[in-house]
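Student: I'm new to this structure and would like a close look at just one part of it, the surface and its side chains. Please walk me through it slowly.

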Amino acid sequence: MFPPIDDSTLKNNPKFSSLYSALTESILNPNGTSRFYPGQEERDQITAALKETRILASKIYLLKSALNKIDLPQVISNSNATKSTILNKNSLPDLNELIILLSNRFALSRQSLPSLTSTNLLENTPQWLSLQDFVPEISNLMSIYFQTQALALYRIVNPTTDLVTNPHQLIMDLVPKTQARRNEIEEKRYKLNLRRVELVGKVKMLLSLYHLASTLVILHLEQTVHGSISREFKLRSEIVSLKAQKLAYESKEKRYKGEKIFYSDEVKNALSQYLKSLRKGRERLEERKSLAEKTLSAYSFSGSLKPDEAKIMRRIAEKYAELRREVKRVSRDIEKLKNTRSD
(Lines give C-alpha, C1' and ligand atoms only; values in the text may rest on other atoms or scores of the structure.)
Protein backbone atom coordinates (compact mmCIF):
# COMPACT_ATOMS: atom_id res chain seq x y z
CA MET A 1 0.00 0.00 0.00
CA PHE A 2 1.01 3.57 -0.60
CA PRO A 3 1.82 5.64 2.48
CA PRO A 4 -1.03 7.93 3.55
CA ILE A 5 -0.76 11.65 2.86
CA ASP A 6 -2.40 14.42 4.78
CA ASP A 7 -5.39 16.10 3.12
CA SER A 8 -3.99 19.55 3.87
CA THR A 9 -0.81 18.67 1.95
CA LEU A 10 -2.86 17.65 -1.07
CA LYS A 11 -4.99 20.80 -0.85
CA ASN A 12 -1.98 23.10 -0.54
CA ASN A 13 -0.21 21.41 -3.49
CA PRO A 14 -2.74 20.88 -6.29
CA LYS A 15 -0.11 19.75 -8.81
CA PHE A 16 1.21 17.12 -6.43
CA SER A 17 -2.37 16.08 -5.65
CA SER A 18 -3.15 15.49 -9.32
CA LEU A 19 0.13 13.60 -9.78
CA TYR A 20 -0.52 11.46 -6.71
CA SER A 21 -4.05 10.57 -7.82
CA ALA A 22 -2.84 9.74 -11.34
CA LEU A 23 -0.11 7.47 -9.99
CA THR A 24 -2.28 5.63 -7.48
CA GLU A 25 -5.36 5.25 -9.67
CA SER A 26 -4.09 4.86 -13.24
CA ILE A 27 -0.40 4.00 -13.38
CA LEU A 28 0.71 1.97 -10.35
CA ASN A 29 -0.68 -1.08 -8.58
CA PRO A 30 -1.20 -1.09 -4.81
CA ASN A 31 2.12 -2.94 -4.39
CA GLY A 32 4.00 -0.22 -6.31
CA THR A 33 4.46 -2.05 -9.64
CA SER A 34 3.50 -0.57 -12.98
CA ARG A 35 0.18 -1.51 -14.57
CA PHE A 36 1.58 -1.10 -18.09
CA TYR A 37 4.76 -3.15 -17.73
CA PRO A 38 5.32 -5.03 -21.03
CA GLY A 39 6.69 -8.14 -19.32
CA GLN A 40 3.91 -8.44 -16.76
CA GLU A 41 2.96 -11.99 -17.80
CA GLU A 42 6.55 -13.15 -17.50
CA ARG A 43 6.81 -11.41 -14.15
CA ASP A 44 3.66 -13.17 -12.91
CA GLN A 45 5.03 -16.53 -14.03
CA ILE A 46 8.32 -15.89 -12.27
CA THR A 47 6.48 -14.79 -9.14
CA ALA A 48 4.34 -17.94 -9.16
CA ALA A 49 7.40 -20.15 -9.71
CA LEU A 50 9.24 -18.43 -6.89
CA LYS A 51 6.24 -18.90 -4.62
CA GLU A 52 6.06 -22.62 -5.39
CA THR A 53 9.80 -22.97 -4.86
CA ARG A 54 9.58 -21.10 -1.58
CA ILE A 55 6.75 -23.32 -0.37
CA LEU A 56 8.65 -26.46 -1.39
CA ALA A 57 11.82 -25.24 0.33
CA SER A 58 9.80 -24.43 3.46
CA LYS A 59 8.32 -27.93 3.49
CA ILE A 60 11.76 -29.50 3.11
CA TYR A 61 13.12 -27.29 5.87
CA LEU A 62 10.25 -28.23 8.17
CA LEU A 63 10.77 -31.94 7.53
CA LYS A 64 14.49 -31.70 8.20
CA SER A 65 14.21 -29.48 11.25
CA ALA A 66 11.37 -31.55 12.74
CA LEU A 67 13.73 -34.49 13.32
CA ASN A 68 15.95 -32.31 15.54
CA LYS A 69 13.00 -31.04 17.56
CA ILE A 70 11.06 -34.27 18.15
CA ASP A 71 10.79 -35.16 21.83
CA LEU A 72 9.76 -38.83 21.94
CA PRO A 73 8.24 -38.90 25.46
CA GLN A 74 6.24 -35.74 24.80
CA VAL A 75 5.09 -36.99 21.39
CA ILE A 76 3.98 -40.29 22.90
CA SER A 77 2.02 -38.51 25.62
CA ASN A 78 0.39 -36.21 23.04
CA SER A 79 -0.49 -39.18 20.86
CA ASN A 80 -2.11 -40.91 23.81
CA ALA A 81 -3.98 -37.73 24.69
CA THR A 82 -5.26 -37.26 21.16
CA LYS A 83 -5.92 -41.01 20.69
CA SER A 84 -3.47 -41.26 17.81
CA THR A 85 -1.58 -44.37 16.78
CA ILE A 86 0.38 -45.70 19.75
CA LEU A 87 4.03 -46.38 19.05
CA ASN A 88 5.83 -49.54 20.05
CA LYS A 89 7.80 -48.71 23.18
CA ASN A 90 10.28 -51.53 22.57
CA SER A 91 11.50 -49.88 19.37
CA LEU A 92 12.03 -46.47 20.94
CA PRO A 93 15.84 -46.79 21.48
CA ASP A 94 16.48 -47.88 17.89
CA LEU A 95 14.07 -45.24 16.64
CA ASN A 96 15.82 -42.57 18.68
CA GLU A 97 19.23 -43.56 17.30
CA LEU A 98 17.89 -43.58 13.75
CA ILE A 99 16.42 -40.10 14.20
CA ILE A 100 19.80 -38.86 15.42
CA LEU A 101 21.49 -40.42 12.38
CA LEU A 102 18.99 -38.82 10.02
CA SER A 103 19.52 -35.43 11.65
CA ASN A 104 23.29 -35.72 11.23
CA ARG A 105 22.86 -36.87 7.63
CA PHE A 106 20.72 -33.83 6.82
CA ALA A 107 23.26 -31.59 8.56
CA LEU A 108 26.02 -33.02 6.35
CA SER A 109 23.93 -32.45 3.23
CA ARG A 110 23.59 -28.76 4.09
CA GLN A 111 27.36 -28.30 4.06
CA SER A 112 28.98 -26.85 0.95
CA LEU A 113 31.58 -29.67 0.76
CA PRO A 114 30.27 -32.68 2.71
CA SER A 115 32.82 -35.24 3.81
CA LEU A 116 32.48 -38.56 1.98
CA THR A 117 34.02 -40.44 4.90
CA SER A 118 31.44 -39.16 7.36
CA THR A 119 28.62 -39.86 4.92
CA ASN A 120 29.80 -43.43 4.33
CA LEU A 121 30.15 -44.05 8.05
CA LEU A 122 26.58 -42.93 8.68
CA GLU A 123 25.10 -44.90 5.81
CA ASN A 124 26.89 -48.15 6.79
CA THR A 125 25.61 -48.31 10.36
CA PRO A 126 23.07 -51.03 11.29
CA GLN A 127 20.51 -48.43 12.28
CA TRP A 128 20.74 -46.78 8.87
CA LEU A 129 20.27 -50.11 7.10
CA SER A 130 17.04 -50.64 9.05
CA LEU A 131 15.65 -47.26 7.90
CA GLN A 132 13.00 -48.83 5.66
CA ASP A 133 11.51 -50.69 8.63
CA PHE A 134 11.13 -47.52 10.71
CA VAL A 135 9.84 -45.18 8.00
CA PRO A 136 6.15 -45.58 9.02
CA GLU A 137 6.94 -44.94 12.67
CA ILE A 138 9.11 -41.90 11.83
CA SER A 139 6.32 -40.57 9.62
CA ASN A 140 3.85 -41.09 12.42
CA LEU A 141 6.13 -39.24 14.85
CA MET A 142 6.52 -36.30 12.49
CA SER A 143 2.78 -36.22 11.88
CA ILE A 144 2.11 -36.10 15.61
CA TYR A 145 4.76 -33.38 16.03
CA PHE A 146 3.33 -31.20 13.25
CA GLN A 147 -0.20 -31.71 14.53
CA THR A 148 0.88 -30.63 18.02
CA GLN A 149 2.63 -27.53 16.69
CA ALA A 150 -0.32 -26.62 14.47
CA LEU A 151 -2.77 -26.94 17.36
CA ALA A 152 -0.52 -24.76 19.49
CA LEU A 153 -0.52 -22.11 16.76
CA TYR A 154 -4.29 -22.37 16.42
CA ARG A 155 -4.65 -21.88 20.16
CA ILE A 156 -2.62 -18.66 19.85
CA VAL A 157 -4.81 -17.44 16.99
CA ASN A 158 -8.09 -18.51 18.58
CA PRO A 159 -7.61 -18.99 22.32
CA THR A 160 -11.32 -19.58 23.02
CA THR A 161 -11.83 -22.46 20.55
CA ASP A 162 -12.13 -26.05 21.78
CA LEU A 163 -9.33 -28.06 20.15
CA VAL A 164 -10.60 -31.52 21.08
CA THR A 165 -13.72 -31.59 18.93
CA ASN A 166 -12.27 -31.60 15.40
CA PRO A 167 -8.49 -30.94 15.35
CA HIS A 168 -8.01 -31.84 11.68
CA GLN A 169 -10.55 -29.27 10.51
CA LEU A 170 -9.00 -26.68 12.79
CA ILE A 171 -5.58 -27.33 11.30
CA MET A 172 -7.00 -26.93 7.78
CA ASP A 173 -8.58 -23.61 8.79
CA LEU A 174 -5.34 -22.33 10.35
CA VAL A 175 -3.75 -20.95 7.15
CA PRO A 176 -6.77 -19.03 5.78
CA LYS A 177 -7.58 -17.63 9.20
CA THR A 178 -3.97 -16.57 9.70
CA GLN A 179 -3.92 -14.88 6.30
CA ALA A 180 -7.21 -13.13 7.04
CA ARG A 181 -5.81 -11.98 10.37
CA ARG A 182 -2.67 -10.64 8.65
CA ASN A 183 -4.76 -8.75 6.10
CA GLU A 184 -6.84 -7.31 8.90
CA ILE A 185 -3.70 -6.24 10.76
CA GLU A 186 -2.29 -4.58 7.63
CA GLU A 187 -5.56 -2.74 7.05
CA LYS A 188 -5.66 -1.55 10.65
CA ARG A 189 -2.03 -0.47 10.40
CA TYR A 190 -2.81 1.58 7.30
CA LYS A 191 -5.79 3.19 9.03
CA LEU A 192 -3.64 3.90 12.07
CA ASN A 193 -0.99 5.59 9.92
CA LEU A 194 -3.69 7.59 8.17
CA ARG A 195 -5.13 8.74 11.48
CA ARG A 196 -1.63 9.61 12.68
CA VAL A 197 -1.08 11.78 9.60
CA GLU A 198 -4.44 13.47 10.10
CA LEU A 199 -3.60 14.02 13.75
CA VAL A 200 -0.31 15.67 12.78
CA GLY A 201 -2.16 18.07 10.49
CA LYS A 202 -4.66 18.92 13.20
CA VAL A 203 -1.89 19.46 15.74
CA LYS A 204 -0.13 21.84 13.33
CA MET A 205 -3.33 23.80 12.86
CA LEU A 206 -3.90 23.89 16.62
CA LEU A 207 -0.37 25.14 17.26
CA SER A 208 -0.70 27.84 14.61
CA LEU A 209 -3.98 29.01 16.15
CA TYR A 210 -2.41 28.99 19.60
CA HIS A 211 0.51 31.06 18.33
CA LEU A 212 -1.85 33.53 16.69
CA ALA A 213 -3.91 33.82 19.88
CA SER A 214 -0.77 34.40 21.96
CA THR A 215 0.42 37.10 19.56
CA LEU A 216 -2.94 38.87 19.65
CA VAL A 217 -3.02 38.76 23.46
CA ILE A 218 0.48 40.24 23.68
CA LEU A 219 -0.38 43.02 21.22
CA HIS A 220 -3.55 43.83 23.13
CA LEU A 221 -1.67 44.02 26.43
CA GLU A 222 1.02 46.24 24.91
CA GLN A 223 -1.54 48.61 23.43
CA THR A 224 -3.36 48.72 26.76
CA VAL A 225 -0.20 49.53 28.73
CA HIS A 226 1.86 51.62 26.27
CA GLY A 227 -0.81 53.23 24.11
CA SER A 228 -1.39 53.00 20.39
CA ILE A 229 2.31 52.58 19.60
CA SER A 230 3.09 49.22 21.03
CA ARG A 231 6.34 48.27 22.64
CA GLU A 232 7.02 45.82 19.87
CA PHE A 233 7.32 48.57 17.26
CA LYS A 234 9.59 50.55 19.58
CA LEU A 235 11.85 47.58 20.01
CA ARG A 236 11.88 47.01 16.27
CA SER A 237 12.83 50.64 15.64
CA GLU A 238 15.60 50.41 18.23
CA ILE A 239 16.88 47.24 16.61
CA VAL A 240 16.90 48.95 13.21
CA SER A 241 18.75 51.94 14.71
CA LEU A 242 21.36 49.69 16.29
CA LYS A 243 21.83 47.89 13.00
CA ALA A 244 22.34 51.23 11.23
CA GLN A 245 24.93 52.29 13.82
CA LYS A 246 26.66 48.98 13.43
CA LEU A 247 26.80 49.45 9.66
CA ALA A 248 28.20 52.98 10.13
CA TYR A 249 30.96 51.73 12.43
CA GLU A 250 31.74 48.90 10.06
CA SER A 251 31.97 51.33 7.13
CA LYS A 252 34.34 53.58 9.11
CA GLU A 253 36.44 50.61 10.06
CA LYS A 254 36.62 49.49 6.45
CA ARG A 255 37.54 53.04 5.43
CA TYR A 256 40.42 53.14 7.91
CA LYS A 257 41.60 49.74 6.77
CA GLY A 258 41.44 50.86 3.15
CA GLU A 259 43.43 54.00 3.91
CA LYS A 260 46.03 51.96 5.74
CA ILE A 261 46.29 49.66 2.77
CA PHE A 262 46.45 52.55 0.27
CA TYR A 263 48.67 54.96 2.25
CA SER A 264 51.70 52.82 2.95
CA ASP A 265 54.88 54.08 4.65
CA GLU A 266 56.49 54.93 1.34
CA VAL A 267 53.44 56.92 0.25
CA LYS A 268 53.38 58.79 3.56
CA ASN A 269 57.07 59.68 3.26
CA ALA A 270 56.52 60.91 -0.29
CA LEU A 271 53.56 63.02 0.82
CA SER A 272 55.55 64.53 3.70
CA GLN A 273 58.36 65.45 1.32
CA TYR A 274 55.82 66.96 -1.04
CA LEU A 275 54.35 68.95 1.86
CA LYS A 276 57.78 70.31 2.74
CA SER A 277 58.38 71.34 -0.86
CA LEU A 278 54.99 73.05 -0.96
CA ARG A 279 55.80 74.96 2.20
CA LYS A 280 59.12 76.11 0.74
CA GLY A 281 57.35 77.14 -2.45
CA ARG A 282 54.83 79.06 -0.38
CA GLU A 283 57.61 80.86 1.44
CA ARG A 284 59.26 81.76 -1.85
CA LEU A 285 55.96 83.03 -3.20
CA GLU A 286 55.50 85.12 -0.08
CA GLU A 287 58.93 86.64 -0.65
CA ARG A 288 58.12 87.38 -4.27
CA LYS A 289 54.84 88.88 -3.20
CA SER A 290 56.54 91.19 -0.72
CA LEU A 291 59.08 92.24 -3.35
CA ALA A 292 56.31 92.95 -5.84
CA GLU A 293 54.39 94.97 -3.30
CA LYS A 294 57.52 97.02 -2.56
CA THR A 295 58.00 97.65 -6.26
CA LEU A 296 54.40 98.74 -6.64
CA SER A 297 54.65 101.01 -3.67
CA ALA A 298 57.74 102.62 -5.22
CA TYR A 299 55.83 103.25 -8.45
CA SER A 300 52.89 104.71 -6.59
CA PHE A 301 55.06 107.46 -5.09
CA SER A 302 56.89 108.34 -8.33
CA GLY A 303 54.15 110.60 -9.80
CA SER A 304 52.80 110.30 -13.36
CA LEU A 305 53.53 107.15 -15.37
CA LYS A 306 54.91 106.94 -18.90
CA PRO A 307 53.42 104.59 -21.57
CA ASP A 308 56.23 102.04 -21.13
CA GLU A 309 55.80 102.19 -17.43
CA ALA A 310 52.04 101.57 -17.84
CA LYS A 311 52.77 98.39 -19.78
CA ILE A 312 55.12 97.31 -17.05
CA MET A 313 52.45 97.94 -14.44
CA ARG A 314 49.89 95.87 -16.34
CA ARG A 315 52.35 93.01 -16.59
CA ILE A 316 53.06 93.29 -12.91
CA ALA A 317 49.32 93.18 -12.18
CA GLU A 318 48.91 90.08 -14.35
CA LYS A 319 51.85 88.40 -12.65
CA TYR A 320 50.41 89.33 -9.30
CA ALA A 321 47.03 87.80 -10.14
CA GLU A 322 48.74 84.67 -11.39
CA LEU A 323 50.81 84.56 -8.22
CA ARG A 324 47.69 84.81 -6.04
CA ARG A 325 46.05 81.95 -7.91
CA GLU A 326 49.12 79.79 -7.43
CA VAL A 327 49.21 80.68 -3.72
CA LYS A 328 45.57 79.63 -3.35
CA ARG A 329 46.21 76.35 -5.13
CA VAL A 330 49.20 75.58 -2.91
CA SER A 331 47.15 76.47 0.17
CA ARG A 332 44.45 74.00 -0.85
CA ASP A 333 47.04 71.25 -1.36
CA ILE A 334 48.51 71.93 2.06
CA GLU A 335 45.08 71.75 3.71
CA LYS A 336 44.37 68.42 2.02
CA LEU A 337 47.66 67.00 3.23
CA LYS A 338 46.97 68.19 6.77
CA ASN A 339 43.55 66.53 6.77
CA THR A 340 45.01 63.31 5.41
CA ARG A 341 47.68 63.16 8.10
CA SER A 342 45.19 63.96 10.86
CA ASP A 343 42.94 61.02 9.72
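Tutor: Let's go through the salt bridges, then the surface patches, and end with a helix.

A word on the source: this is a predicted model, where local features need pLDDT of at least 70 and side-chain atom pairs count only at pLDDT 80 or more, while totals for chains, interfaces and linings use all residues. Residues are numbered from 1 along each chain as its sequence is written, and side-chain values use heavy atoms, with hydrogens and water left out.

Side chains of opposite charge can pair when their charged atoms come close. A salt bridge here means a side-chain nitrogen of Lys or Arg within 4 Å of a carboxyl oxygen of Asp or Glu. Searching the whole structure turns up five of them.

One of these links E184 to K188, at 3.3 Å from N to O. The two residues are about one helical turn apart, because they sit four residues apart in helix 9. That helix covers residues 167-226; helices are DSSP runs (H or I, at least four residues), and strands (E, at least two) are too, numbered from the N terminus. How open is the pair? Buried means under 20% relative accessible area, exposed means over 50%, and partly exposed is in between (1.4 Å probe, protein chains only). K188 has 53% relative accessibility, so K188 counts as exposed, whereas E184, at 36%, is partly exposed.

Helix 9 holds another such pair, E187 and K191, again four residues apart, about one turn. Their closest N and O atoms are 3.6 Å apart. E187 is partly exposed at 41%, and K191 is partly exposed at 44%.

Now hop over to helix 10 (residues 231-262), where E253 and K257 lie four residues apart, about one turn of the helix. Their side chains meet in a salt bridge of 3.4 Å, N to O. E253 comes out as partly exposed at 42%, and K257 likewise at 47%.

On to the patches. They are built from residues with over 30% relative accessible area and no salt bridge, joining like charges within 9 Å and nonpolar side chains (Val, Leu, Ile, Met, Phe, Trp, Tyr) within 5 Å. Lys and Arg count as positive, Asp and Glu as negative, with His and the chain ends not counted; each charge is placed at NZ of Lys, CZ of Arg, CG of Asp or CD of Glu.

The positive patch is made of K276, R279, K280, R282, R284 and K338. Helix 11 supplies its largest share, five residues. K276 is in helix 11 and is partly exposed, at 48% relative accessibility. The negative patch gathers E283, E286, E287 and E293 on the surface. E286 also belongs to helix 11, residues 265-300, and is partly exposed at 36%.

There's a nonpolar patch as well: L199, V203 and L207 have about 280 Å² of accessible area together, areas being worked out by the Shrake-Rupley method with a 1.4 Å probe, and for residues only the protein chains shown count as cover. V203 takes us back to helix 9 and is partly exposed at 38%.

Last stop, helix 3. Its 30 residues (40-69) reach 42 Å from first C-alpha to last, close to the 44 Å expected at 1.5 Å a residue; that expected span is 1.5 Å times one less than the number of residues. Here the buried residues are S65, A66 and L67.
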